[in-house]
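Dear colleague,

I am passing on the structure we spoke about, and below it I have set out what turned up when I went through it. Please read the notes with the model open beside you.

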Number of protein chains: 2
Amino acid sequence: MVKQLNLTLSLRNRTVPARIGLILLETDHTTELEFARHMPHDLVGVYANRIPYANPTTPDNLKRMTPMIGERAAQILPEADLDVVYYGCTSASFVIGDDLVAENIRAAKPTSIVVTPTLAAVAACQHLAVSNLAVLTPYLAETSALLDPYMASNGLCVVSHACLGIEDDRIMAALDDKSLIKAAEAADHPEADALFISCTALRAIEVVPILEARLGKPVITSNQAAIWYILRHLGLPQPTRNACDLFRTLSELGQH
Amino acid sequence: MVKQLNLTLSLRNRTVPARIGLILLETDHTTELEFARHMPHDLVGVYANRIPYANPTTPDNLKRMTPMIGERAAQILPEADLDVVYYGCTSASFVIGDDLVAENIRAAKPTSIVVTPTLAAVAACQHLAVSNLAVLTPYLAETSALLDPYMASNGLCVVSHACLGIEDDRIMAALDDKSLIKAAEAADHPEADALFISCTALRAIEVVPILEARLGKPVITSNQAAIWYILRHLGLPQPTRNACDLFRTLSELGQH
């Protein structure tokens with residue numbers, strides 16, 4: 001026998017101070033893990049949804065996601081505003097273009113800031129005063145080649161670009177720390193001010209402190225740049241885990 | 001100019017030791033937050049996907065999710081095995097039935113253990129030797145009424161059942177701590193061995209320690225029971241945050 005209570009109930013202003021939506025490839029093993037490990041969960045709620053995606057990681061397959069981006073964004077807390085929506089695919093962001101990604105997401109979530117790994121990486125380079133960039137990508141060469149003009153159009157000169165030629169993003173996600181370090185060292189260039197490790201699938205944040213010590217320059221990864229960008233936008237402290245040049249700069253400069 | 005590296009690369013056996021899939025209502029503000037706050041992210045990856053869902057929370061609307069459960073489970077890391085898939089809706093689990101939920105998920109993920117909030121709550125009651133249960137539900141009376149026969153069929157006697165009559169799960173998610181405590185105190189019954197606060201949308205884990213101190217008996221919530229059940233299944237330690245009778249029992253008994 002169910003009794004309906006007649007109580008005066010009160011509501012929180014917001015369910016959590018800040019809300020982040022993640023639009024992920026259905027095959028993504030990494031982005032949620034790296035956000036879970038670096039976001040302050042007392043202050044930030046992270047809400048995910050997935051897009052159907054078929055390998056191999058060719059420009060055409062990446063472009064096929066475009067119509068689903070807005071649809072799946074709309075399914076993250078319908079009618080609620082999200083402070084940030086992060087589209088968790090670097091290669092699709094430079095193949096589709098940040099502007100078209102943002103347009104699709106804003107159709108569903110008009111008040112949200114849209115973050116792509118590409119725009120976060122460019123902002124990180126600007127913040128660290130990087131002009132010349134070495135790049136490591138895990139993608140096929142035809143996909144990788146499209147990153148250089150993207151960077152050039154954002155004022156960054158790619159002085160060297162090494163790719164791994166992998167066509168399945170799940171293999172990218174499974175690369176171990178040793179392989180990531182070996183590939184990153186091979187991709188660096190003496191004229192580069194920083195190394196950018198492109199791809200949200202790579203489990204790269206955990207090796208950034210080691211790489212920065214070995215290479216003597218900032219190392220930027222897709223999810224690390226996005227986490228930095230989002231926390232800065234929200235006015236929240238940067239992570240203390242995997243402390244790196246990017247996470248450290250803000251607190252040293254006293255900015256937020 | 002992209003140069004393809006020719007390196008010998010090695011892969012992790014698994015991208016993370018344990019993988020949990022979450023099937024969530026698109027309107028769910030709470031489950032990811034409570035998992036993020038209580039899961040050990042060095043050992044466990046949590047991968048979410050959402051199901052379209054339209055309020056009000058009537059039995060018919062809940063049943064409409066059934067065909068999407070398997071489809072959205074299939075879109076969480078296709079071809080990868082998940083240790084656990086959690087279907088994050090209590091009322092749909094007792095309306096649709098645990099078996100049909102599990103059948104739909106196992107069609108997509110045949111090796112996964114399927115966890116519903118209802119089966120986790122029953123396991124928690126058995127573990128705590130609870131026979132007589134007081135229940136608080138936020139749902140409409142017609143939806144709430146279906147929980148009592150579910151509990152009875154699992155050997156639990158509902159000695160009192162109070163509902164809040166809310167039809168929108170987003171209002172449920174917004175109830176503040178004071179309201180949750182007030183409603184829980186009103187729902188308790190002297191003959192109950194424990195109080196079950198039903199609904200994954202309620203932000204109830206955070207008030208469990210206060211309620212257990214006030215009521216002098218275990219308080220079980222949907223997501224708390226699921227977190228306990230999943231960590232026990234994975235052989236991992238229980239959370240130290242929001243320590244409660246359920247999280248404490250295993251370590252005291254030396255089980256895992």
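The second largest pocket, in what is a predicted model, has a volume of about 150 Å³. Its lining is made up of L11(A), R12(A), N13(A), R14(A), T15(A), R19(A) and A80(A) on the side of chain A, together with H29(B), R170(B), I171(B), A173(B) and A174(B) from chain B. Helix α9 (residues 169–174) of chain B supplies the largest share of that lining, with 4 residues, and, sorted by class, the residues around the second largest pocket are 5 nonpolar, 3 polar and 4 charged.

As for how the two chains are arranged, chain B can be superposed on chain A with an RMSD of 0.0 Å by a turn of 180° and a shift of 0.0 Å along the axis, which is the relation of a two-fold axis. Within chain B, the C-alpha nearest that axis belongs to N49(B), at 2.4 Å from it. Both copies use the same surface, since 100% of the contact residues of chain B recur in chain A.

Two residues deserve a separate look. S179(A) is part of helix α10 (residues 177–187) of chain A, and with a relative accessible area of 1% it is buried, because the cut-off for that term is under 20%. Leaving out residues up to four places away in sequence, S179(A) touches L9(B) and S10(B), and its side chain reaches the backbone nitrogen of S10(B) at 2.7 Å.

T30(B) sits in the loop between β2 (18–25) and α1 (31–38) of chain B, and at 0% relative accessibility T30(B) also counts as buried. Apart from its neighbours within four places in sequence, T30(B) is in contact with A173(B), T200(B), A201(B), L202(B), R203(B) and N223(B); of these, A173(B) is also one of the residues lining the second largest pocket. By contrast, T30(B) and L77(B), which are 47 residues apart in sequence, are 22 Å apart in space, C-alpha to C-alpha.

With best wishes

Notes
Residues numbered from 1 in each chain as written. Chains lettered and ligands numbered in written order. Predicted model: local features only at pLDDT ≥ 70, side-chain atom pairs only at ≥ 80, totals over all residues. Heavy atoms only, no water. Least-squares fit on C-alpha atoms with pLDDT ≥ 70 in both. Contact = heavy atoms within 4.5 Å. Helix = DSSP H or I, 4+ residues; strand = E, 2+ residues; numbered from the N terminus. Buried < 20%, exposed > 50% of the residue type's maximum accessible area, 1.4 Å probe, protein only. Polar contact = N/O pair within 3.5 Å; in protein donor to acceptor, adjacent residues only side chain to side chain. 1 Å grid on protein atoms, 1.4 Å probe; cavity = no way out; pocket = protein on both sides within 12 Å on 5 of 7 lines; lining within 4 Å. Points joined across faces, edges and corners; volume = space filled by probe spheres on them. Nonpolar A, V, L, I, M, F, W, Y, C, P; charged D, E, K, R; others polar.
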